Number of protein chains: 2
Amino acid sequence: MTDLEETAETYDPSRYERPSITVDVVIFTLIDRELHVLLVRRKRWPYEGYWAIPGGFVQMHESLEDAARRELEEETGVRDIYIEQLYTFGDPDRDPRTRVISVAYFALVRADRQRLRVSEESLDVRWFPVRAAPSPLAFDHDRILATALARLRSKLEYTTLAFELLPEVFSILELKHIYEQIFGEKLDKGNFYRKMRDAGVLEETGLLREGRGRPTRLYRFRRDRGDGQFVFRWREARVDTGESQERG
Amino acid sequence: MTDLEETAETYDPSRYERPSITVDVVIFTLIDRELHVLLVRRKRWPYEGYWAIPGGFVQMHESLEDAARRELEEETGVRDIYIEQLYTFGDPDRDPRTRVISVAYFALVRADRQRLRVSEESLDVRWFPVRAAPSPLAFDHDRILATALARLRSKLEYTTLAFELLPEVFSILELKHIYEQIFGEKLDKGNFYRKMRDAGVLEETGLLREGRGRPTRLYRFRRDRGDGQFVFRWREARVDTGESQERG
DNA sequence: CCGGGTTAGTGTCATTGCAACAATAAATAT
DNA sequence: ATATTTATTGTTGCAATGACACTAACCCGG
């Protein structure tokens with residue numbers, strides 16, 4: 001029942017008709033304090049000319065996450081970033097050519113690390129503000145994008161994920177801006193300060209940034225902490241991070 | 001880059017070497033007030049004689065969830081239950097025969113619905129108490145089981161999932177027992193009562209169950225509510241529900 | 001019929017977390 | 001100087017929670 005059932009001798013991989021497997025990677029970043037997503041414009045049928053989430057085939061020797069990282073690097077030139085598996089989309093008719101099952105990943109890139117590189121396989125590659133992304137996207141990619149956004153929102157509440165979107169050094173109010181952007185609601189300045197200070201995940205750099213008003217203290221994210229008891233919670237509502245099911 | 005790149009004419013599915021795709025389903029239920037998981041004993045190489053999580057091939061025409069439900073029914077005869085996608089496991093060497101990618105699902109069956117049916121494809125099929133499950137399991141199934149348990153624990157905190165493990169009609173203290181079992185810690189009787197009563201997801205049946213002491217009031221789960229603002233939270237700690245990443 | 005055992009269910013209260021919002025601090029622009 | 005802008009800290013009241021003590025309803029044995 002489990003997995004394949006042949007013995008070593010009788011097993012023949014070509015006996016079964018098999019779906020194709022791709023990984024698609026939803027990459028978010030922050031540009032001009034706004035959340036952006038990376039899309040590529042398709043060169044060929046089907047959905048020629050449509051924008052799509054970058055992705056590609058899983059090769060036989062690499063793990064799924066390796067495949068996602070490889071595709072990501074081929075697409076953007078960025079490495080060593082935050083990435084996690086999102087959901088696997090496998091409706092029989094999501095691709096008109098053949099059965100294609102896509103393991104979707106979800107990635108965050110730092111604002112100061114963008115070195116976008118256009119691939120030869122597509123017409124164009126661009127960052128879109130998530131609020132102004134083209135629609136519809138190719139295949140079921142609208143749904144994948146929506147799932148990624150839900151996951152992002154959900155995890156912001158109880159992880160330290162927001163820091164992955166910021167540059168090395170940042171101010172508390174820049175961090176607050178991210179939360180507001182992604183939650184789509186205003187947060188109280190004072191309460192935000194307190195919560196962040198007390199969370200113990202910020203390291204003071206001693207740096208100041210001059211501006212129109214009082215200069216801002218700049219902080220660094222303490223990676224050593226954070227992956228522990230850390231829980232933000234800004235409101236009661238919970239959104240599903242997975243799909244049908246979860247909110248988890 | 002996204003998905004396949006051939007045109008209609010040049011596309012040839014056999015051009016690429018492809019992994020095999022299976023679904024594995026981790027099924028939990030409650031027997032004698034204890035959490036159990038369904039395992040099957042393998043008949044053939046590899047891992048002959050080892051216990052494994054039930055699963056099987058995805059057919060070309062069916063969705064992943066349909067595949068999971070079909071396998072589940074073939075294995076247990078149970079239908080119309082709670083099921084959700086868990087995680088996709090795809091390490092290149094997780095199966096010694098060939099590359100096999102497994103989309104794992106996570107299911108809960110009601111205690112009063114078990115009609116276990118042994119399949120012909122395996123030596124045995126049995127419910128194991130999760131605390132006393134055989135180890136190691138076949139393939140990477142220990143890891144899959146651990147992931148499912150983490151997801152279960154996590155979702156109990158903010159969903160109404162616990163009810164899926166109970167019979168139609170139950171007492172509040174039975175519900176409390178589930179939480180205690182799965183969280184592995186004692187909960188306060190009084191606080192539990194209040195929380196459940198105020199959550200607005202219980203419907204009084206008027207029924208009583210006689211026992212040694214004072215009779216218990218029996219309740220029904222209000223499916224109409226629940227999938228809304230409903231949030232239980234019994235402690236601060238959060239565990240990841242996915243894998244590397246989540247808790248979501 | 002009375003008191004102890006057992007399980008079910010309610011009340012009380014002090015602590016904590018958090019949100020609203022007011023106040024102060026440190027710079028720039030005119 | 002004084003207004004303006006942005007940053008940071010204080011105060012306060014409410015609501016959720018946890019610890020724990022208490023009451024309720026049944027059985028049973030004398």
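User: Which helices and strands each supply at least two residues of the surface near DNA strand C?

Analyst: This is a predicted model. Both protein chains have elements that each supply at least two residues of the surface near DNA strand C. From chain A the element is helix H4 (189-199), and from chain B they are helix H3 (172-183), helix H4 (189-199) and strand S10 (216-221).

User: Which element gives the largest share of that surface near DNA strand C?

Analyst: There are 22 residues around DNA strand C, and among those that come nearest are A:Gly190 and B:Gly190. The largest share, 3 residues, comes from H4(B).

User: How many residues of the surface near DNA strand C are charged?

Analyst: Sorted by class, this surface has 5 nonpolar and 8 polar residues. The charged residues near DNA strand C number 9.

User: Against which helix do the buried residues of H2(A) pack?

Analyst: The buried residues of H2(A) include A:Ile144, A:Leu145, A:Ala148 and A:Leu152. They pack against strands S1 (20-31), S2 (34-42), S3 (51-52), S5 (82-89) and S6 (100-108) of chain A. The helix they pack against is H3 (172-183) of chain A.

User: What percentage of the residues in chain A is buried?

Analyst: Chain A has 4 helices and 10 strands. Of its 248 residues, the buried ones make up 40%.

How values were computed: Residues are numbered from 1 along each chain as its sequence is written. Chains are lettered from A and ligands numbered from 1 in the order in which they are written. This is a predicted model: local features need pLDDT of at least 70, side-chain atom pairs count only at pLDDT 80 or more; totals for chains, interfaces and linings use all residues. A residue is buried if 20 or more other C-beta atoms lie within 10 Å of its own, exposed if 12 or fewer, and partly exposed in between; C-beta atoms are placed from the backbone. Two residues are in contact if their C-beta atoms, placed from the backbone, lie within 7 Å. A residue is near a molecule or strand if its C-beta atom, placed from the backbone, lies within 6 Å of it. Ala, Val, Leu, Ile, Met, Phe, Trp, Tyr, Cys and Pro count as nonpolar, Asp, Glu, Lys and Arg as charged, and the others, Gly among them, as polar.
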